[in-house]
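This briefing goes through a structure chain by chain, from overall form to single residues. The sequence and the coordinates come before the notes.

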Amino acid sequence: MKESLMDILCDPLDKSDLDLEVDERDGDEIIEGRLIGSVTGEVYPIEDGIPNLLPPDMRDDE
Amino acid sequence: MTDGSRDDLAARRGVERKVYSPAEDSGLLADAIAERGRGRLLEVGTGSGWVAERATAADAVTEVVASDRSPHACRAARERVTTGGGAGSGPSFGVVRADMVAPFADSVFDTVAFNPPYLPTDPENEWDDWMERALSGGESGRELIEPFVESVGRILAPDGVVLLLVSSLAGYDAVLEYAAGCGFDTDDPVVVEESYPFETLSVVALTPLSGKSDN
């Protein structure tokens, strides 16, 4: 995901802001990392460039 | 339930097992986006990502975000982002795994497009896999359409537009009536329409009624 996507994403649980932590970057693309709910503290993984913003109770579905 | 009904449902739309492949309805939604899409566009339930990729070529569209609940769909769509001919040029194109519109901020999209799962299905014939979720609209055909129409207004810019694919199988009048009840202008909404032997597919443009009176 591009870092600019942060402007339009929010915590699905309470619509509050998310904080970004980056583990791996390719130019302006964030490949691995996580988004963290600034209020809820919920951690949403970014894997292979795809942020998984499903609420925790839906996340284990594969 | 038996594999028979699963195969029937899949065969009705000629689809693979996990990710919905582009079909007539996809082409119709892409045409409607080319005509009415603009600014920052979200495609909800992107499936293979084909419509979202087409949207990056629409003249008035400046940014495309594709979302899906399925990990298989997200990977398929992401593949188009990283290998697509327009990678690096054209509008930015991103993929987000999401439940409908839940992780998107208020009023940020100029266009929201959705080709919902709409095939009415018998509740006793549930097999609960990714292809069923890509096709089934529950008993009424509207089980995903209604929560979408209820929640999409929040993420839509005040002058934004929703482009919703509606099949006669899900009940055109019932969907439009529901949208009107959720505060959308539903006068003359049809952008594109095609009739097939078993259904008529329409893409309707829904705009928020904010500021206008109910009558």
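**Overall form of chain A**

A compact globule of 62 residues would have a radius of gyration near 11 Å, and chain A agrees with this because its own value is 11 Å. The model is predicted. Along its principal axes, the C-alpha trace of chain A spans about 30 × 25 × 15 Å.

**Chain A: secondary structure and surface**

- Chain A contains four strands and zero helices.
- Read along the sequence, the pattern of chain A is β-β-β-β.
- Of the 62 residues in chain A, 45% count as buried.
- Among contacts in chain A with a separation of 6 or more, 30% are between residues 24 or more positions apart.
- The accessible surface of chain A is about 3,100 Å², and carbon and sulfur atoms account for 40% of it.
- Chain A carries 20 negative and 5 positive side chains. The centres of these two sets lie 3 Å apart.

**Chain A: loop residues**

- A:Gly27 sits in the loop that runs between strand S1 (18-26) and strand S2 (29-37) of chain A.
- A:Gly27 counts as exposed because its relative accessibility is 60%, where the cut-off for exposed is over 50%.
- A:Gly27 and A:Pro56 are 29 residues apart along the chain, and their C-alpha atoms are separated by 29 Å.
- A:Asp48 lies in the loop between strand S3 (43-47) and strand S4 (50-51) of chain A.
- A:Asp48 is not a glycine, yet it has a positive phi of about 50 degrees.
- With a relative accessibility of 52%, A:Asp48 counts as exposed.

**Chain B: secondary structure and surface**

- Chain B has eight strands and seven helices.
- Of the 215 residues in chain B, 53% count as buried.
- Residues 24 or more positions apart make up 69% of the contacts in chain B that have a separation of 6 or more.
- Chain B exposes about 9,300 Å², with 45% of that area supplied by carbon and sulfur atoms.

**Chain B: a loop residue with positive phi**

- B:Ser107 is located in the loop between strand S3 (92-97) and strand S4 (109-114) of chain B.
- Although B:Ser107 is not a glycine, its phi is positive, at about 60 degrees.
- B:Ser107 has a relative accessible area of 40%, so it is partly exposed.

- Which residues of helix H7 (residues 172-181) of chain B are buried? They include B:Val175, B:Leu176 and B:Ala179.

Note on methods:
Residues are numbered from 1 along each chain as its sequence is written. Chains are lettered from A and ligands numbered from 1 in the order in which they are written. This is a predicted model: local features need pLDDT of at least 70, side-chain atom pairs count only at pLDDT 80 or more; totals for chains, interfaces and linings use all residues. Side-chain values use heavy atoms; hydrogens and water are left out. Helices (H or I, at least four residues) and strands (E, at least two) are DSSP runs, numbered from the N terminus. The radius of gyration is taken over C-alpha atoms; the globule rule is 2.2 Å times the number of residues to the power 0.38. Buried means under 20% relative accessible area, exposed over 50%, partly exposed in between (1.4 Å probe, protein chains only). Contact means heavy atoms within 4.5 Å. Accessible areas come from the Shrake-Rupley method with a 1.4 Å probe; for residues, only the protein chains shown count as cover. Lys and Arg count as positive and Asp and Glu as negative; His and the chain ends are not counted. The place of a charge is taken as NZ of Lys, CZ of Arg, CG of Asp or CD of Glu.
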